[in-house]
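Work through the exercises below with the sequence and the model side by side. Try each task before reading its solution.

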Amino acid sequence: MTATVPTPREPLPGTAAPALSLEGVTLTYPDGDRRLTALDAVSLDVAPGELVAVAGPSGSGKSSLLAVAATLLRPDSGRVAVGGRDTARMSDGDRTALRRERIGIVFQQANLLPSLTAEEQLLAVTHLRGGRVREARGRAAGLLESVGLDAAKRRRRPHRLSGGERQRVNIARALFGGPSVLLVDEPTSALDHERGERVVELLAEVTRRHRTATVLVTHDRALLGRADRVLVMRDGRLTEG
Ligand code: ADP
Ligand code: MG
């Protein structure tokens, strides 16, 4: 007789406590004599291991949403919490530490340093943090391998990598600090459709494997299929897709 042991299951996306939570976030920019509302009472919870895609036309507020979530911009009103901690209540120093330790950011352009190899792009972050070099090298190599860069490619500088490979290095670098929140802004805009699809596939994989709460901003609707949830930004308002 065999006893049936229930298979342990990971909580479904949406059932775990949110790693990132925005509540009624409003952000305005100065605009002549008035102010332009870039985010209008936006609320969003993202659970560990969940990939949320945010679509919407150019100028609708997608990058502003990421900047607020990254604590790079402070909203006029509303609340931004990372790992359950209200970021407005932190000191500047604590917020900087939070950003470094808990938040990974992938911008549109890879912004890699031209003189560093792929592996060194990741290690440059460690050096600043005084981490142990050998352990860090092993981890950098492992992460780059996991995003599809073999040993030879890991030793190349950015100009000898393709656009897709550079974006992979960018993603690996964002993951290097072990973030719980991953914010990705139009990662495929410099890539053709096929490469773009593969980068989004990678982001979905990374989200599962590293259990990050991932927000992927894109205006390319063809890339939304991989997301657990699709939201649409229009004139600063976030709605279900
Ligand atoms: P998206 O990423 O969807 O293209 P953004 O968040 O960049 O949208 O911009 C939302 C709105 O805010 C746009 O009208 C844009 O012109 C305006 N905006 C963005 N950044 C600034 C800024 N630093 N100062 C003033 N207005 C800005
Ligand atoms: Mg943008």
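**Exercise 1. The ligand and its shell**

Task: find how far an oxygen atom of ligand 1 lies from an N or O atom in the side chain of S64, then describe the surroundings.

Solution. 
- Step 1. The distance from the S64 side-chain N or O atom to an oxygen atom of ligand 1 is 2.6 Å. A polar contact is a pair of N or O atoms within 3.5 Å; within protein, one must be able to donate a hydrogen and the other to accept it, and residues adjacent in sequence count only if both atoms are side-chain atoms.
- Step 2. Taken alone, ligand 1 exposes 560 Å², and the protein buries 60% of that. Accessible areas come from the Shrake-Rupley method with a 1.4 Å probe; for residues, only the protein chains shown count as cover.
- Step 3. Check the backbone too. A polar backbone atom of S63 is 2.8 Å from an oxygen atom of ligand 1. For G61, a backbone N or O atom lies 3.1 Å from a ligand 1 oxygen.
- Step 4. List the shell, taking residues with a heavy atom within 4 Å. Around ligand 1 stand Y29, L36, A38, P57, S58, G59, S60, G61, K62, S63 and S64.
- Step 5. Sort by class: 4 nonpolar, 6 polar and 1 charged residues. Ala, Val, Leu, Ile, Met, Phe, Trp, Tyr, Cys and Pro count as nonpolar, Asp, Glu, Lys and Arg as charged, and the others, Gly among them, as polar.
- Step 6. Assign elements. β2 (34-46) and α1 each supply at least two shell residues. α1 gives the most, with 3 residues.

The model is predicted: local features need pLDDT of at least 70, side-chain atom pairs count only at pLDDT 80 or more, and totals for chains, interfaces and linings use all residues. Residues are numbered from 1 along each chain as its sequence is written, chains are lettered from A and ligands numbered from 1 in the order in which they are written, and side-chain values use heavy atoms, with hydrogens and water left out.

**Exercise 2. Helix α1**

Solution. 
- Step 1. Helices (H or I, at least four residues) and strands (E, at least two) are DSSP runs, numbered from the N terminus. Buried means under 20% relative accessible area, exposed over 50%, partly exposed in between (1.4 Å probe, protein chains only).
- Step 2. The buried ones are K62, S64, L65, L66, A67, V68 and A69.
- Step 3. Look just past the helix. T71 there has a positive phi of about 60°.

**Exercise 3. The four-stranded sheet**

Task: in what order do the 4 strands of the antiparallel open sheet stand?

Solution. 
- Step 1. Two strands pair if DSSP finds at least two bridges between them.
- Step 2. The order is β2-β1-β4-β5. β2 and β5 are the edges, each with a single partner strand, so one side of each has no neighbour in the sheet.
- Step 3. Count bridges. β1 and β2 share 9, with Y29 opposite L36. Y29 and L36 also belong to the ligand 1 shell.
- Step 4. β1 (residues 20-31) and β4 (residues 77-82) are joined by 5 bridges. Here S21 partners A81.
- Step 5. β4 meets β5 (residues 85-86) through 2 bridges. A81 stands opposite D86. The two strands form a hairpin with 2 residues between them, and G83 in the turn has a positive phi of about 55°.
- Step 6. Return to S21. Its relative accessibility is 9%, so S21 counts as buried. Its side chain makes a 2.8 Å polar contact with the side chain of D45.
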